[in-house]
Amino acid sequence: MNEIALRLAPHLRAEAGGMGDLPFVLDQIAVAGKLIARELGQLGLTGDVNVQGEVVKKLDVWANDVMVRVLDASGLVCTLVSEEMDSPLHLAERCAEGKYVVCFDPVDGSSNLDVNGIVGTIFSIRRRRGRGSDHAAADAFQPGSAQVAAGYVMYGPSTVLVYTAGEGVHAFTLDTTIGEFVRSRQQIQIPSRGHIYSVNEAHAPVWPPGILKYIDYLRQRDPATGRPYTARYVGSMVADVHRTLLEGGIFLYPGEVGADGKTSGKLRLQYEAAPMAFLMEQAGGKASTGGERIQDIHPASAHQRVPILIGSRDDVTMAEEFVAGRR
Ligand code: FBP
């Protein structure tokens, strides 16, 4: 077995072909993942962080700083968009040479932190369109289809980095004995249909009627059509999408209808929906709002929210049929 080829960095270099210096940016994100994994490990040990809830919250900010520092240090990134930063951060001194825009959610699923649940870091990389700081604003708002790489680091029983650079989806598991991400899966393909649905059903009263009908359809008993599906929901998108990627089925965070005006769901396009959509499509799956392909949406703001249906191709297509009222 060729050990070298299994580590992330050499793997990225081996895959580098047409990726230019993108592997270096991905490797920097892996470094951030290791640092955040170590800090999460500390959290568990101290225990006092859980009691003082607001200390937990600091981890989002700390992880954001780590991501900013490692991406700045790459010298290749001009603009950063983060869940933890109100507006895009342009690293002016980097924009002369910096080729990339990185959107990220430093700690996704943060509500799981104080119960020692699974959280993750989600990232999405796009190439800059222009040179110099006057392009920086436009560069921060590109559709998902402009992504050159995307992925997540999942902090669970083991720390796993899953990414795509347009050549399939690969997974690396952190071997804490050598401090290296070692390849654990390559060319991941999602089953065309699954038997698990994942959604927060507490929001059902404000779901669009098509979603209500669809979930009801999945719960009906009909072995001939592989129903009923079973339900799984961690409440951390990284954990729920990771399971869906490996086992098939569908994860949904639908839009909501109601007096409170929240119509576009909760999850953010730039650093949650679009990167997961790129991954899922690369694995043979699908991701839409119920009507529109997530990757085609042009972001109007850094923190724009979108409804998302993501997972196995046949399951998402079926859900779209219900949303469109064709079933
Ligand atoms: P954060 O990035 O602020 O943690 O929010 C995103 C998220 O936690 C997702 O990971 C998860 O899928 C969703 O929100 C859970 O929302 P809800 O609690 O409404 O089910």
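## Ligand surroundings

Of the 17 residues around the ligand, those that come nearest are Gly109, Asn200, Tyr233, Met237 and Tyr253, where a residue is near if one of its heavy atoms lies within 4 Å of the molecule. The model is predicted, so that local features need pLDDT of at least 70 and side-chain atom pairs count only at pLDDT 80 or more, while totals for chains, interfaces and linings use all residues. Residues are numbered from 1 along each chain as its sequence is written, and side-chain values use heavy atoms, with hydrogens and water left out.

An oxygen atom of the ligand is 2.8 Å from a polar backbone atom of Gly109, and an oxygen atom of the ligand is 2.9 Å from an N or O atom in the side chain of Glu83. A polar side-chain atom of Asn200 lies 2.8 Å from an oxygen atom of the ligand.

## Helix H8

Helix H8 spans residues 237–247 and is largely enclosed by the rest of the structure, because nine of its eleven residues are buried (under 20% relative accessible area, 1.4 Å probe, protein chains only); helices are DSSP runs of H or I with at least four residues, numbered from the N terminus. Among the buried residues are Met237, Asp240, His242 and Arg243. Just after H8, Gly248 takes a positive phi of about 85 degrees.

## Asp72 and Arg94

Asp72 lies in helix H5 (residues 54–74). Asp72 and Arg94 are 22 residues apart in sequence and 7.7 Å apart in space, C-alpha to C-alpha.

Note on methods: Buried < 20%, exposed > 50% of the residue type's maximum accessible area, 1.4 Å probe, protein only. Helix = DSSP H or I, 4+ residues; strand = E, 2+ residues; numbered from the N terminus. Polar contact = N/O pair within 3.5 Å; in protein donor to acceptor, adjacent residues only side chain to side chain.
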